[in-house]
Each structure stands twice: as C-alpha cells, then as structure tokens.
Amino acid sequence: MLIDHPLLGPRDEAEFVILGDAGLIDRPDWQAEDAAQLFHDYLHLRDNPAGEHRELWFHEQGDRSWLVVTRNTLTHEIVRVELARDVAIARGRDR
Amino acid sequence: MRYSALQILRQGLTGNRGWKPVWREPEPKPHYDIVIVGGGGHGLATAYYLAARHGLTNVAVLEKGWLGSGNVGRNTTIVRSNYLLPGNEPFYELSMKLWEGLEQDLNYNAMVSQRGIINLYHSDGQRDAAARRGNAMILAGADAVLLDREAVRKKCPFLDFDNERFPIMGGLWQPRGGTVRHDAVAWGYARGADRQGVDLIQNCEVTGFDIRSGVCRGVETARGTIGADRVAVCVAGSSGRVMGYAGLRLPIESHVLQAFVSEGLKPAIPGVLTFGAGHFYISQSDKGGLVFGGDIDGYNSYAQRGNLPALEHVCEGGMALMPMIGRARVLRIWGGLVDMSMDGSPFIDRTPIDGLFFNGGWNYGGFKATPASGYCYAHLIATGAPHPVAAEMRLDRFERGAPIDERGAGAQPNLH
C-alpha cells in the first residue's frame, strides 16, 4: 500500500505503523459520571467495519507525524489521508 | 457408512461404485431448536458435540459458502497446547486430548500427526520464560521438555546456531504437538454431525437476526427466515460484521494473516519449529512443501490477502533461522481473516441478547482450538453454563479487569 502523505507525498506502508481506529482520538471525559464505562468502550470496543475505515497511522520511519487514513478494508484502497492534528482540532480538541 | 480397511477392500473389489456422499444436502426447516451460524471447523465441531455429547440433534448449521470454506481451510494446520495462563492452558490441553482421540471418535482420517513443536530461545531471559511456560504446561497436564542447544542441534542440525545476533540456545519442546490435515477436520466433523441428524445447509448466508424484546428467535437468511430457540454464532474472522446485525460492538478487530508454502522438497524439518527472535514458524507437509508464516499484517482487513512488507518480514525471519530455506521457492501465498481480540484470547459466551450465543476472537490460533471450542461451546449452549476450562473466556472480562493477555501487550489487537 502507498500512503499519500499530505506533506511528503506517496510513501510506502513499510515506513508506517498503525495504531488502529481513528475513534481513539475521541478520548472520553474522565470526569463524567459514567467515565469507567466510557473508557471501557473507548479502549476495548470497535466498529470494525467491512468497507471504509478511518484509522491512525504513525510515520515512524519518516517525519513522525500522525495521520488519519481512510482506507477500504475490503480492497485496501486508500481514499483519503489527513494530518491527525487537523482532524483532532476539527473535532474540538485543543491539539 | 462406517469407514474401515475392510470397507476399502470391499469397495475396491466392486469397482468403487458403493461410496455414498459424505453428508446430505437438506432443505432448511422453518424452525430448529438450535441454529449454528458458520459452517467452519468450530461451527461443525459444535454441532457434532451437541449431538454426540448432549443428544441435541434438532440442529442446523448455516454456512455462507461451502462447508469449511473459511479459516479451517486457510491455516497452517498446527496443533499445540503450549500456553502460559490459567485462563488458556487447560482449555488448549483439553483440545490436545480431543485431537488425540479425534479420528477414532469421528471414524475419519484427519491425519493427526504428533510430530512435536519446538519454540526456540535465544537468550538467558527467554530460556527462563520457556522454563516457566513449560512448568505451567505440565501443571495443566500437558507435556513439555526444555531442550538445551545440543539437544536442539541433534533434532535440527540445519539451524543457524551461531547466528551473530540471535544464537540458538535451546528450545521448549512439546512432543505431543504437531499438525492435522485441516480440511479433513471440517469434513470429519461435518460427517459426524450429519450422521446424527444435524442439517448442514450450505449457500445460506445469514443476513440478520430476528430479535424481539431482547430475545433472539431466529435468523434471516438468503433462503428465508429460520426460527430457533437458541442461535449460536461461530464466524471468527467476520465476527464484527455478523454480530453487528444484532447491534453489538465487540472487543475485536478483523485482520489479515498470511501463510506461505514452498515447492515440495525431501523431508527435512522434523515437526514444527518457531523462531524466538522474530515471528517465524515452519513445518513440512506430508507432500513435502514447507508451510510457514509469521506476523499478521497489522491493519484492519476483510480482504483475505495481504501485502509484501509482511512477506518480506517472514522471509527475513526464515533466513535468519535456517539459511537453507533461501534455495526454496515459494509456491503459494494466501491470507485469512482473523478476529484479533483486545487481549489475544478468545470468547465463548452468551451475549446480552437472550438466546444468542457468541464464539469468536480466536486471533491467529483458532485451528488448534477447534475440538475444545466446539466441545465447550456445545456445553454452554446445551447446559447454559460455561465449561470449566472456558469459564474465563467471557465477553465482559475487560470490564471486570480480567483479561487473558498472554503477551502482556494490552488492548492493542495487532500486537498480540
């Protein structure tokens, strides 16, 4: 697979490591009433879709940036690559 | 028809005209006591043990494609019970014991071959860990022998013992481990279940569940609605997709695991070998092909095929362990879908929906578990209580802070 890095252009998948579902960006509020349940779900449960999947990749052998890659799990086709920082800020996180 | 040497002789003398199809091809009935979703090794074994051990025969197995078309036909055929943790090891040892009696039990030749498995170690720390694992195995009734360097050399003189980075110091040997003809396991269980009256229904994809007021009353399929008092899902690899129909999110990701076979070679490799310094394992099939594999690719996938970096990594491991492999040509490569769970261990449990049971999360190790998985799942479905050796394989174990994490990698499925 070639991952089209937003800053560096197409790079081989071997330069990256994958963390998993991009939902990991949305860390629950630790002060919430049901924080224990929220963190259990956040850490352990997955949508695991057959089709488009948003996931976090780390450019370990490159510029060490975190990316959100939208990839089809049925075909391995990569549809979209964004900087994870941009995605996190757009979702209301401060960094 | 019971298979025997006499039967072969009789059929041979009469032109082999008397052989019958191994199982029936029934039309689905409108209602069963138990419907098993998934006609792979685990589903067929479950059906077999429900009938054989619990006398429940008003059972159907629904399979999307043909029987045994999933992971039971796509694995590297290794059986072993060399686990460490008390939540796992007694279960896998039960599986090992069931493998040992399988062919007599099923009256079917599954080519169970206990040629032994050696997990190599390359440092003092790894030796201590191997000794600890061996002791845990022996405590659970399994067999384990700690081999030193010379004992390994005697069995496998072709290994690169003096590798600069990863010298081989010895290995943990389980003599009762080995390989089993994978397709024959599915066929043997299918035949055994069919002979006791279980309906095996192929080309019957399940597309939904009939759930009313929190109770599962049947399944929607490509061939209409089939009612059932109990529905047992057994579709590892696609668990997320199928349980999604019931609105459940699971502690599972689907990944792709590749395997490789070389051209046929003269017998060279005794039993199964695993490299302790990188992820590489190898055995030799009865036809002579080297069957080997390593890590999963690492990303979520339903594609049943992987990519080249995983292949390269596996071959590097092979070259580091046994340089002679460099002359062998890879003949076939394939990928299978595996349920990677959050702690690397499986689930055999009820779900929050009454009448709906779940078996999955087998990671890359489902084949060896086939008999015990079917045995314990049948026990759960028939009695309503988990079998003692599978009592920790619960879906809620993360909430309770009781994962079964052999590797200690935490909730990161692609590291298990």
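Start by selecting B:Ser213, which is exposed, at a relative accessible area of 77% (exposed means over 50%, buried under 20% and partly exposed in between, using a 1.4 Å probe and protein chains only). B:Ser213 lies in the loop between strand S9 (206-212) and strand S10 (215-221) of chain B. Helices here are DSSP runs of H or I with at least four residues, strands are runs of E with at least two, and both are numbered from the N terminus. Check the backbone while you're there: B:Ser213 has a positive phi of about 45°, though it is not a glycine. Most residues other than glycine have a negative phi.

A word on bookkeeping: the model is predicted, so local features need pLDDT of at least 70 and side-chain atom pairs count only at pLDDT 80 or more, while totals for chains, interfaces and linings use all residues. Residues are numbered from 1 along each chain as its sequence is written, chains are lettered from A and ligands numbered from 1 in the order in which they are written, and side-chain values use heavy atoms, with hydrogens and water left out.

Next, jump to B:Gln304, in the loop between strand S15 (289-300) and helix H8 (308-321) of chain B. B:Gln304 is not a glycine either, and its phi is positive at about 55°. Is B:Gln304 exposed, partly exposed or buried? It is partly exposed, with a relative accessible area of 34%.

Now show both chains and look at where they meet. The contact (heavy atoms within 4.5 Å) takes 24 residues from chain A and 23 from chain B. Together the two chains bury about 2,200 Å², 50% of it on carbon and sulfur atoms; buried area is the accessible area (1.4 Å probe) that two parts lose on being put together, summed over both.

Zoom in on A:Arg46 and B:Glu253, whose side chains meet in a salt bridge at 2.9 Å, N to O. The rule (a side-chain nitrogen of Lys or Arg within 4 Å of a carboxyl oxygen of Asp or Glu) finds two salt bridges across this interface. Then colour the side of chain A that touches chain B: strand S3 (17-21), helix H1 (35-44) and strand S4 (52-58) of chain A each supply at least two residues. The largest share, four residues, comes from H1(A).

For the last stop, hide chain A and colour chain B by domain. Domain 1 covers 5-78 + 84-93 + 100-105 + 182-251 + 343-415, and domain 2 covers 112-176 + 253-341, with bounds from an automatic or database domain assignment. Their centres, taken over C-alpha atoms, are separated by 27 Å. Where they touch, domain 1 of chain B gives 31 residues and domain 2 of chain B gives 33.

These two domains bury about 2,800 Å² between them, 52% of it on carbon and sulfur atoms.

Finish with B:Arg133 and B:Glu406, whose side chains form a salt bridge at 3.9 Å, N to O.
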